Amino acid sequence: MSTVAEVQAAVEALWPAARAEGWDAVGLVAGALSDRVDRILLAVDAVAATVDEAVSGGFGLLLTHHPLLLRGVTSIAADRYKGAMLTRLVRSGTALLAAHTNADAVDTGTSGVLARRLGLEGVEPIEPNALGGGIGRVGDLREAISLGRLARAIAALLPSTAGGVLVSGEYEREVRRIAVCGGAGDSFLAHPSVLGADVYVTADLRHHPASEAREQAALSGGPALVNVSHWASEWLWLEQAAAELHAALPHVELVVSELRTDPWDFAIVQ
Ligand SMILES: [Zn+2]
(Lines give C-alpha, C1' and ligand atoms only; values in the text may rest on other atoms or scores of the structure.)
Protein backbone atom coordinates (compact mmCIF):
# COMPACT_ATOMS: atom_id res chain seq x y z
CA MET A 1 0.00 0.00 0.00
CA SER A 2 0.89 3.65 -0.34
CA THR A 3 -0.43 7.00 0.84
CA VAL A 4 -1.81 9.96 -1.08
CA ALA A 5 1.41 11.81 -0.19
CA GLU A 6 3.53 9.03 -1.74
CA VAL A 7 1.43 9.06 -4.91
CA GLN A 8 1.73 12.83 -5.03
CA ALA A 9 5.54 12.56 -4.74
CA ALA A 10 5.70 9.91 -7.50
CA VAL A 11 3.57 12.09 -9.78
CA GLU A 12 5.78 15.10 -9.09
CA ALA A 13 8.90 13.07 -9.96
CA LEU A 14 7.37 11.88 -13.25
CA TRP A 15 5.57 15.07 -14.26
CA PRO A 16 7.04 18.03 -12.32
CA ALA A 17 4.45 20.72 -11.65
CA ALA A 18 7.02 23.35 -12.65
CA ARG A 19 6.68 22.16 -16.25
CA ALA A 20 2.96 22.97 -16.36
CA GLU A 21 1.79 26.01 -18.31
CA GLY A 22 1.32 29.15 -16.21
CA TRP A 23 -2.50 29.07 -16.53
CA ASP A 24 -2.78 25.42 -15.50
CA ALA A 25 -3.80 23.99 -12.10
CA VAL A 26 -2.14 20.61 -11.62
CA GLY A 27 -1.61 18.39 -8.60
CA LEU A 28 -3.83 17.26 -5.75
CA VAL A 29 -7.42 18.55 -6.08
CA ALA A 30 -8.95 16.63 -3.16
CA GLY A 31 -7.76 14.13 -0.58
CA ALA A 32 -5.87 13.81 2.70
CA LEU A 33 -2.13 13.23 2.38
CA SER A 34 -2.07 10.43 4.97
CA ASP A 35 -4.96 8.45 3.42
CA ARG A 36 -4.13 4.99 2.18
CA VAL A 37 -4.03 4.22 -1.57
CA ASP A 38 -4.01 0.60 -2.76
CA ARG A 39 -5.47 1.18 -6.20
CA ILE A 40 -5.41 4.14 -8.61
CA LEU A 41 -7.89 4.69 -11.44
CA LEU A 42 -6.66 6.74 -14.42
CA ALA A 43 -9.05 8.70 -16.64
CA VAL A 44 -8.95 11.75 -18.90
CA ASP A 45 -11.85 13.50 -17.15
CA ALA A 46 -13.37 13.61 -13.67
CA VAL A 47 -17.02 13.23 -14.69
CA ALA A 48 -19.89 11.34 -13.04
CA ALA A 49 -19.06 8.09 -14.84
CA THR A 50 -15.37 7.99 -13.90
CA VAL A 51 -15.98 9.27 -10.35
CA ASP A 52 -18.61 6.51 -9.93
CA GLU A 53 -16.13 3.98 -11.25
CA ALA A 54 -13.46 5.18 -8.79
CA VAL A 55 -15.77 5.30 -5.77
CA SER A 56 -17.69 2.08 -6.40
CA GLY A 57 -14.50 0.25 -7.36
CA GLY A 58 -12.79 1.13 -4.08
CA PHE A 59 -9.99 3.13 -5.69
CA GLY A 60 -8.15 5.32 -3.20
CA LEU A 61 -7.23 7.86 -5.86
CA LEU A 62 -8.54 9.02 -9.22
CA LEU A 63 -5.82 10.46 -11.42
CA THR A 64 -7.16 12.55 -14.30
CA HIS A 65 -5.48 14.40 -17.12
CA HIS A 66 -7.90 17.34 -16.98
CA PRO A 67 -8.03 19.31 -13.73
CA LEU A 68 -11.59 19.37 -12.34
CA LEU A 69 -10.89 22.81 -10.90
CA LEU A 70 -9.09 25.08 -13.36
CA ARG A 71 -10.82 28.42 -12.98
CA GLY A 72 -11.99 29.92 -9.69
CA VAL A 73 -15.13 28.56 -8.06
CA THR A 74 -17.04 30.12 -5.17
CA SER A 75 -19.03 27.03 -4.21
CA ILE A 76 -18.65 23.28 -4.21
CA ALA A 77 -22.32 22.70 -3.33
CA ALA A 78 -23.46 19.33 -4.63
CA ASP A 79 -26.22 20.70 -6.87
CA ARG A 80 -23.54 21.76 -9.37
CA TYR A 81 -21.47 19.30 -11.38
CA LYS A 82 -18.07 20.04 -9.86
CA GLY A 83 -19.42 20.24 -6.31
CA ALA A 84 -21.24 16.95 -6.82
CA MET A 85 -18.01 15.27 -7.99
CA LEU A 86 -16.02 16.64 -5.05
CA THR A 87 -18.71 15.75 -2.50
CA ARG A 88 -18.81 12.17 -3.77
CA LEU A 89 -15.01 11.89 -3.75
CA VAL A 90 -14.50 13.46 -0.33
CA ARG A 91 -17.31 11.48 1.35
CA SER A 92 -15.87 8.22 0.04
CA GLY A 93 -12.29 9.13 0.93
CA THR A 94 -11.20 9.03 -2.72
CA ALA A 95 -8.41 11.46 -3.59
CA LEU A 96 -8.36 13.35 -6.91
CA LEU A 97 -5.13 14.36 -8.60
CA ALA A 98 -4.53 16.02 -11.99
CA ALA A 99 -1.49 15.73 -14.28
CA HIS A 100 -2.22 18.02 -17.23
CA THR A 101 0.23 20.22 -19.16
CA ASN A 102 3.02 18.93 -16.89
CA ALA A 103 2.25 15.50 -18.40
CA ASP A 104 2.06 16.96 -21.92
CA ALA A 105 5.58 18.39 -21.60
CA VAL A 106 7.57 15.20 -21.02
CA ASP A 107 8.80 12.96 -23.85
CA THR A 108 6.43 10.17 -22.79
CA GLY A 109 3.49 12.58 -22.39
CA THR A 110 0.26 12.85 -24.38
CA SER A 111 1.81 14.06 -27.64
CA GLY A 112 4.95 11.96 -27.15
CA VAL A 113 2.83 8.80 -26.92
CA LEU A 114 0.93 9.76 -30.09
CA ALA A 115 4.20 10.40 -31.92
CA ARG A 116 5.63 7.05 -30.81
CA ARG A 117 2.48 5.10 -31.66
CA LEU A 118 2.51 6.69 -35.14
CA GLY A 119 6.09 5.50 -35.54
CA LEU A 120 7.63 8.95 -35.88
CA GLU A 121 11.39 9.29 -35.83
CA GLY A 122 13.59 12.24 -34.86
CA VAL A 123 10.82 13.51 -32.61
CA GLU A 124 11.13 16.95 -31.05
CA PRO A 125 8.69 19.31 -29.31
CA ILE A 126 6.65 21.78 -31.36
CA GLU A 127 7.15 24.39 -28.65
CA PRO A 128 10.13 23.60 -26.39
CA ASN A 129 9.78 24.22 -22.65
CA ALA A 130 12.64 26.06 -20.88
CA LEU A 131 12.84 23.18 -18.37
CA GLY A 132 13.06 20.48 -21.09
CA GLY A 133 10.50 18.73 -23.27
CA GLY A 134 7.67 20.94 -24.39
CA ILE A 135 4.20 20.97 -25.94
CA GLY A 136 3.33 18.93 -29.06
CA ARG A 137 5.73 16.78 -31.04
CA VAL A 138 6.93 16.74 -34.64
CA GLY A 139 8.80 13.94 -36.39
CA ASP A 140 9.06 11.90 -39.58
CA LEU A 141 7.53 8.66 -40.77
CA ARG A 142 10.12 6.23 -42.08
CA GLU A 143 8.59 6.62 -45.53
CA ALA A 144 5.92 8.83 -47.03
CA ILE A 145 2.34 7.51 -47.12
CA SER A 146 -0.91 8.97 -48.42
CA LEU A 147 -2.83 11.32 -46.14
CA GLY A 148 -5.78 8.93 -46.38
CA ARG A 149 -3.71 5.97 -45.18
CA LEU A 150 -2.32 8.03 -42.32
CA ALA A 151 -5.85 9.07 -41.28
CA ARG A 152 -6.96 5.42 -41.36
CA ALA A 153 -3.96 4.46 -39.20
CA ILE A 154 -4.86 7.20 -36.71
CA ALA A 155 -8.49 6.01 -36.64
CA ALA A 156 -7.31 2.46 -35.92
CA LEU A 157 -4.95 3.66 -33.18
CA LEU A 158 -7.45 5.77 -31.22
CA PRO A 159 -10.47 4.50 -29.28
CA SER A 160 -13.63 5.04 -31.30
CA THR A 161 -15.72 8.18 -30.84
CA ALA A 162 -18.83 9.59 -32.50
CA GLY A 163 -16.87 12.33 -34.25
CA GLY A 164 -14.34 9.94 -35.78
CA VAL A 165 -11.41 11.42 -37.68
CA LEU A 166 -11.87 14.49 -39.92
CA VAL A 167 -9.30 15.41 -42.56
CA SER A 168 -8.58 18.61 -44.49
CA GLY A 169 -6.44 17.74 -47.55
CA GLU A 170 -6.48 15.42 -50.56
CA TYR A 171 -6.69 11.69 -49.76
CA GLU A 172 -3.77 10.79 -52.02
CA ARG A 173 -1.47 13.61 -50.88
CA GLU A 174 1.89 12.17 -49.77
CA VAL A 175 2.86 12.98 -46.19
CA ARG A 176 5.93 12.18 -44.16
CA ARG A 177 6.64 14.92 -41.61
CA ILE A 178 3.92 14.79 -38.96
CA ALA A 179 3.16 17.32 -36.21
CA VAL A 180 0.93 16.09 -33.37
CA CYS A 181 -0.59 17.83 -30.39
CA GLY A 182 -2.84 15.85 -28.05
CA GLY A 183 -5.85 17.87 -26.94
CA ALA A 184 -6.78 21.27 -28.35
CA GLY A 185 -3.82 22.36 -30.48
CA ASP A 186 -5.25 25.21 -32.56
CA SER A 187 -2.91 27.73 -30.94
CA PHE A 188 -0.02 26.08 -32.84
CA LEU A 189 -1.60 26.23 -36.32
CA ALA A 190 0.76 29.05 -37.34
CA HIS A 191 3.80 27.73 -35.44
CA PRO A 192 6.85 27.32 -37.73
CA SER A 193 7.25 23.66 -36.68
CA VAL A 194 3.64 22.96 -37.66
CA LEU A 195 3.85 24.98 -40.89
CA GLY A 196 6.95 22.96 -41.78
CA ALA A 197 5.11 19.63 -41.37
CA ASP A 198 3.10 17.81 -44.07
CA VAL A 199 0.21 17.18 -41.69
CA TYR A 200 -0.92 18.42 -38.30
CA VAL A 201 -2.84 16.03 -36.06
CA THR A 202 -4.73 17.60 -33.17
CA ALA A 203 -8.21 17.93 -31.63
CA ASP A 204 -11.00 20.48 -31.26
CA LEU A 205 -10.25 22.38 -34.49
CA ARG A 206 -13.04 24.96 -34.95
CA HIS A 207 -14.28 26.42 -38.22
CA HIS A 208 -12.32 29.69 -38.31
CA PRO A 209 -8.87 28.48 -37.22
CA ALA A 210 -9.14 25.42 -39.50
CA SER A 211 -10.53 27.38 -42.46
CA GLU A 212 -7.88 30.09 -42.15
CA ALA A 213 -5.07 27.52 -41.89
CA ARG A 214 -6.42 25.71 -44.96
CA GLU A 215 -6.66 28.94 -47.00
CA GLN A 216 -3.20 30.08 -45.93
CA ALA A 217 -1.74 26.66 -46.80
CA ALA A 218 -3.22 26.96 -50.30
CA LEU A 219 -1.46 30.30 -50.71
CA SER A 220 1.93 29.74 -49.12
CA GLY A 221 2.10 26.06 -48.16
CA GLY A 222 1.21 24.42 -44.91
CA PRO A 223 0.10 21.12 -43.45
CA ALA A 224 -2.98 19.04 -44.11
CA LEU A 225 -5.13 18.86 -40.96
CA VAL A 226 -6.34 15.79 -39.10
CA ASN A 227 -8.91 16.56 -36.40
CA VAL A 228 -9.54 13.83 -33.81
CA SER A 229 -11.46 13.54 -30.54
CA HIS A 230 -9.84 15.50 -27.73
CA TRP A 231 -10.56 12.68 -25.28
CA ALA A 232 -9.26 9.97 -27.61
CA SER A 233 -6.04 11.88 -28.34
CA GLU A 234 -5.23 11.98 -24.63
CA TRP A 235 -6.67 8.62 -23.57
CA LEU A 236 -3.75 6.77 -25.23
CA TRP A 237 -1.41 8.40 -22.71
CA LEU A 238 -3.14 6.80 -19.71
CA GLU A 239 -1.63 3.39 -20.33
CA GLN A 240 1.85 4.92 -20.48
CA ALA A 241 1.16 6.92 -17.31
CA ALA A 242 -0.08 3.80 -15.53
CA ALA A 243 3.08 1.89 -16.47
CA GLU A 244 5.34 4.70 -15.25
CA LEU A 245 3.41 5.07 -11.99
CA HIS A 246 3.47 1.31 -11.44
CA ALA A 247 7.27 1.33 -11.73
CA ALA A 248 7.40 4.08 -9.10
CA LEU A 249 4.73 2.53 -6.83
CA PRO A 250 5.06 -1.24 -7.31
CA HIS A 251 2.58 -2.10 -4.53
CA VAL A 252 -0.22 0.02 -5.97
CA GLU A 253 -2.59 -1.42 -8.57
CA LEU A 254 -3.07 0.86 -11.60
CA VAL A 255 -6.21 0.64 -13.72
CA VAL A 256 -6.99 2.67 -16.86
CA SER A 257 -10.68 3.54 -17.16
CA GLU A 258 -12.20 2.20 -20.37
CA LEU A 259 -15.16 4.60 -20.09
CA ARG A 260 -15.50 7.00 -23.00
CA THR A 261 -15.71 10.54 -21.62
CA ASP A 262 -15.78 12.19 -25.04
CA PRO A 263 -18.88 14.43 -24.76
CA TRP A 264 -20.47 13.30 -28.07
CA ASP A 265 -22.65 10.16 -28.11
CA PHE A 266 -23.55 9.67 -31.76
CA ALA A 267 -23.19 11.25 -35.19
CA ILE A 268 -25.36 11.33 -38.28
CA VAL A 269 -23.09 11.15 -41.31
CA GLN A 270 -24.79 12.91 -44.23
ZN1 LIG B 1 -7.01 17.87 -22.91
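The tour visits a sheet, then a helix beside it, then another helix. Keep in mind that this is a predicted model: local features need pLDDT of at least 70, side-chain atom pairs count only at pLDDT 80 or more, and totals for chains, interfaces and linings use all residues. Residues are numbered from 1 along each chain as its sequence is written, and side-chain values use heavy atoms, leaving out hydrogens and water.

**The sheet.** Helices (H or I, at least four residues) and strands (E, at least two) are DSSP runs numbered from the N terminus. Start with the open sheet of five strands, in the order 2-6-5-4-13 with mixed pairing; two strands pair if DSSP finds at least two bridges between them. At its edges, pairing on one side only, are strand 2 (27-30) and strand 13 (253-256). Now pick residues 61-64 and 95-98: strands 5 and 6 run parallel, joined by four bridges. Here L61 sits opposite A95.

Select 48-56, which is helix 2; it lies across strand 4 (39-43) and strand 5, at about 170° to strand 4. Such angles run from 0 to 180 degrees between N-to-C directions, with axes fitted to C-alpha atoms, for helices over the stretch in contact (heavy atoms within 4.5 Å).

Next, select 110-117. Why is helix 5 largely enclosed by the rest of the structure? Six of its eight residues are buried (under 20% relative accessible area, 1.4 Å probe, protein chains only), among them T110, G112 and L114. To see what covers these buried residues, show elements including helix 4 (101-105), strand 8 (134-146) and helix 9 (230-248). Finish just after helix 5, at G119, with its positive phi of about 80°.

Key. Buried means under 20% relative accessible area, exposed over 50%, partly exposed in between (1.4 Å probe, protein chains only).
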